[in-house]
Amino acid sequence: MSMNFDLSEEHRIFWDAMASFVDKEIAPLVDEAEAKEEFPVPLFKRLGELGYLCCRYPEEYGGAGADKISECLYMEELNRICAGIASCLLAHATLSTSPIYDFGTEAQKEEYLVPAVQGDKIGAFALTEPNAGSDAASITAKAIREGDEYIINGTKTFITNGSICDYALVAAYTDPTQRAKGISLFIVDRDNPGFHVTRKLEKAGLRSADTAELAFEDCRVPAAKLLGGEEGGFVQVVKTLVGGRISYGGRCAGMARGVFDITKRYVEDRTQFGRPLIKFQVNQFKIAEWAMYIDIMHTITWKAAWMYDLGRDCTREASMVKLFCSETAQDIINQAIQLFGGYGFMMEYPIQRFWRDSRVLTITEGVPEIHRGIIYRSLDGG
Ligand SMILES: Cc1cc2nc3c(=O)[nH]c(=O)nc-3n(C[C@H](O)[C@H](O)[C@H](O)COP(=O)(O)OP(=O)(O)OC[C@H]3O[C@@H](n4cnc5c(N)ncnc54)[C@H](O)[C@@H]3O)c2cc1C
């Protein structure tokens, strides 16, 4: 009997290619994107041409036919360099395309998934509302059927890619008498009358990510825009969130690795009390622990991704990945700032960007209480 924990040769080649791509083509964009608070939009097309953008989808839809582990490696490399830029690409490659891939009709895949994979259309996923975040079933957006159309009304907030998207997957109640189960997803074109970007949001971190508030006012969409052609899409929302949480493991590991690299170099260089900080055993122990935690993040993320690809129920594992990796990455980054001392607090050192960006890791894609609840309920007697 044997059990194999190795990445495949293809994974390794893909990972190396992604690492050199982000170092060469994304790292030089970061300072300007952060300063202007603007996502470098041409990146979508560039990544689409290379087949990286939505690498997980099959070749028939223009993807690279890779797997969920590859998507996690892609996320890891992006986040190692810049979590803000990675946010928009993550929302596109997971939340805004996977529901179409998993549940869309062939016509919807042709019209939205194929151009999204190529970087010709940018997607957003609009679930959260001003009064419904963790409690997603409390959304009040409604889609009322009238003949061959639905009329959507509602407000969405904190939407990644909100102001740069070409389409948004919008969650709205088609049957408000059925809590959660009465929610459906619609693909709404950005230029559809009644789709308004009301505000681009200014953030404490992820400044190069696009985040906006949207309003849908008597927004009439053809019935053909109902995802999968069937009402009652909460299962679509749940599956989408599970997939996103696994990719988040790659996001957290990437941020932790980025911080690991720059902090290790810093403590090897910085001298106090006549010796480099790394010569104090307590600091060696910190670096050793971080290496161990990054290894654990990899292991649980890749295991959940493997289960996802096999089509197994991995709701619990996805929550474990999201919970463990987000809290662990935050701890590592917090300790790293301490090792930088006053320099860690100065804007001229990139470590502060990781610190600001990492604060959101335990807010987006489910707050820790939500994941602890999911894990508890998955246990016998839970
Ligand atoms: C940068 C950014 C990008 C985002 N992108 C998107 C996007 O693309 N699409 C989208 O739909 N949404 C997006 N969101 C929204 C995100 O998913 C929500 O912020 C998240 O679900 C939490 O909801 P909330 O902010 O309303 O916080 P709340 O739900 O109000 O939670 C606030 C706090 O209350 C406590 N709490 C909540 N629930 C419980 C509980 N069950 N038990 C105990 N305590 C609890 C926790 O301390 C929690 O941190 C984004 C958010 C941010 C900040």
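Sorted by class, the lining of the largest pocket comes out as 25 nonpolar, twelve polar and ten charged residues (Ala, Val, Leu, Ile, Met, Phe, Trp, Tyr, Cys and Pro count as nonpolar, Asp, Glu, Lys and Arg as charged, and the others, Gly among them, as polar). This is a predicted model, where local features need pLDDT of at least 70 and side-chain atom pairs count only at pLDDT 80 or more, while totals for chains, interfaces and linings use all residues. Residues are numbered from 1 along each chain as its sequence is written, and side-chain values use heavy atoms, with hydrogens and water left out.

A pocket here is an open set of points on a 1 Å grid over the protein atoms alone, where a 1.4 Å probe fits, with protein on both sides within 12 Å along at least five of seven lines; lining residues have an atom within 4 Å of a point. Of the 47 residues lining the largest pocket, Thr-128, Ile-363, Thr-364, Glu-365 and Gly-366 sit nearest its centre. Helix H8 (234–269) is the top contributor to this lining, with eight residues; helices (H or I, at least four residues) and strands (E, at least two) are DSSP runs, numbered from the N terminus.

Turning to the strands, S3 (residues 149–160) and S7 (residues 211–222) run antiparallel and are joined by nine bridges; two strands pair if DSSP finds at least two bridges between them. Ile-151 has Arg-220 in S7 as its bridge partner. S7 also pairs with strand S6 (residues 195–200), again antiparallel, over five bridges, and His-196 stands opposite Ala-215 in S7.
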